[in-house]
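Q: Could we go through this model together? I would like to start with the record and then turn to the helices and a few residues.

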Amino acid sequence: MESLREKEQNERARIVLWKKPFMTLFYFFLEGSCLAHTFFSRLVERKKSVLLGILLVALLYVLYITEGSHQQVVEVIRKHFLWCAYWVGLGVLSSVGLGTGLHTFILYLGPHIASVTLAAYECKSVDFPEPPYPSKIICPEKEEDSMNLFTIMSKVRLEAVMWGAGTAIGELPPYFMARAARLSGSEFDDDEFEEISELIIEKKTHPEDMGFMEKAKLYVHNLVQKVGFVGILACASIPNPLFDLAGITCGHFLVPFWTFFGATLIGKAIIKMHIQKLFVIFLFSKHHVEQAIKLFKYIPVVGVKMQLPFKNWLEDQRNKLHSTDDTESKAESTNILSWIFEKVIIIMVAYFILSIVNSMAQSYHKRICKVKREYEAKTKRRV
């Protein structure tokens, strides 16, 4: 059985677009069909809940389109709801997909916090519009005597907490899959969980052969299993690429939902998010940015060449913050850094899409292997 599983894993590792494009796409569409069928089947099973949801949405839509004095309140709620939903959605994209997430903190939240930080120090105020911000932040006329980290942190707290909550929600699929498999009595067919099972055996037999990553995975597994809420909170409170294992472990050992999700939400949306937010604000404080640009000259070969683009970018940001002309505020920057950042976003989004395609194709391969094993087991029992 172990040799068979190893053979299946080796086959699955080759099901990627750059090795077997036609098979990968074919499996991807089949897996999508299976997921769609499962989704609609569950909707049919929960007819009352679906009907109640449709009626609620219809009532809200009627309230939204009906003219009246309530429209002012509706507009405020709509703007804030969309703003929060935007950051929650980006957070979900960052952690969903068992390791194939899109790094939305680097692409969206980090730059947003950085831009607010630069604006706060340049304007000596955070009295620009409350979230949701306009497409352009303009310095207010009134300035404050001083600016500190905690004032800026409070300005971007809503976006950061919503993004952190989204990352916590994105950790739920591994938990629910492992929990459902355990409650149904079937084996959880996941490569990560199988690897952990093998590592536990290997630790007992050959502990000296384990590498750093193997030890780290085993440590996360044992910490969550033995310590419970505190262990989940500790794993969620730091940048942890192995946190999927925490969800799988909690689901497999039937850890209560609110124990897992509560610890994950507190760790990711409050503790870790404040650490990351404080780091970005500290890094992009006005004097730190200028000092960092001066230190570029010590980087061999490219250091001096990088100074000018960064100086131009910083000056461009300052000019935009003090610009009151609408046409000028909408003008796009031609700075080379902006061009590079746009290309980085395109590459990372493309990689995310490719990862999702590969992951779904490999999930369908798991289905095939599982059916084959069940069929062979039945055949042997008959014989």
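**Annotation and helix packing**

A: UniProt, in an unreviewed entry, places the feature "transmembrane region" at residues 22–40, 49–66, 86–109, 218–239, 245–266 and 336–357. UniProt positions follow the numbering used here, feature names are shortened, and annotations may be inferred rather than shown by experiment.

Q: What should I know about the model and the numbering?
A: This is a predicted model, in which local features need pLDDT of at least 70 and side-chain atom pairs count only at pLDDT 80 or more, while totals for chains, interfaces and linings use all residues. Residues are numbered from 1 along each chain as its sequence is written, and side-chain values use heavy atoms, with hydrogens and water left out.

Q: How many helices and strands are there in the protein chain?
A: The protein chain has 17 helices and zero strands. Helices (H or I, at least four residues) and strands (E, at least two) are DSSP runs, numbered from the N terminus.

Q: At what angle do α4 and α7 pack?
A: Helix α4 (residues 71–95) and helix α7 (residues 157–170) pack at an angle of about 40°, their axes being 6 Å apart. That makes α4 oblique to α7. Axes are lines fitted to C-alpha atoms, for helices over the stretch in contact, and angles run from 0 to 180 degrees between N-to-C directions. Angles under 35 degrees count as roughly parallel, over 145 as roughly antiparallel, 65 to 115 as roughly perpendicular and the rest as oblique.

Q: Which residues of α4 and α7 meet?
A: From α4 they include Trp83, Trp87 and Gly91, and from α7 they include Met162, Trp163 and Gly166. The residues of this contact (heavy atoms within 4.5 Å) divide into 10 nonpolar, six polar and one charged. Ala, Val, Leu, Ile, Met, Phe, Trp, Tyr, Cys and Pro count as nonpolar, Asp, Glu, Lys and Arg as charged, and the others, Gly among them, as polar.

Q: What about α4 and α5?
A: Those two helices pack at an angle of about 145°, with axes 9 Å apart. Trp83, Trp87 and Gly91 of α4 are among the residues making the contact, as are Tyr108, Leu109 and His112 of α5. The contact comprises seven nonpolar, four polar and no charged residues.

Q: Changing topic: is His365 buried or exposed?
A: His365 counts as buried because its relative accessibility is 6%; buried means under 20% relative accessible area, exposed over 50%, and partly exposed in between (1.4 Å probe, protein chains only). His365 is in helix α17 (residues 336–382).

Q: Which residues does His365 touch?
A: Not counting residues up to four places away in sequence, His365 touches Glu8, Glu11, Arg12, Ile15 and Tyr27.

Q: And what is the phi of Lys124?
A: The phi of Lys124 is near 55°, a positive value in a residue other than glycine. Most residues other than glycine have a negative phi. Lys124 is in the loop between α5 (104–123) and α6 (149–155), and at 43% relative accessibility Lys124 counts as partly exposed.
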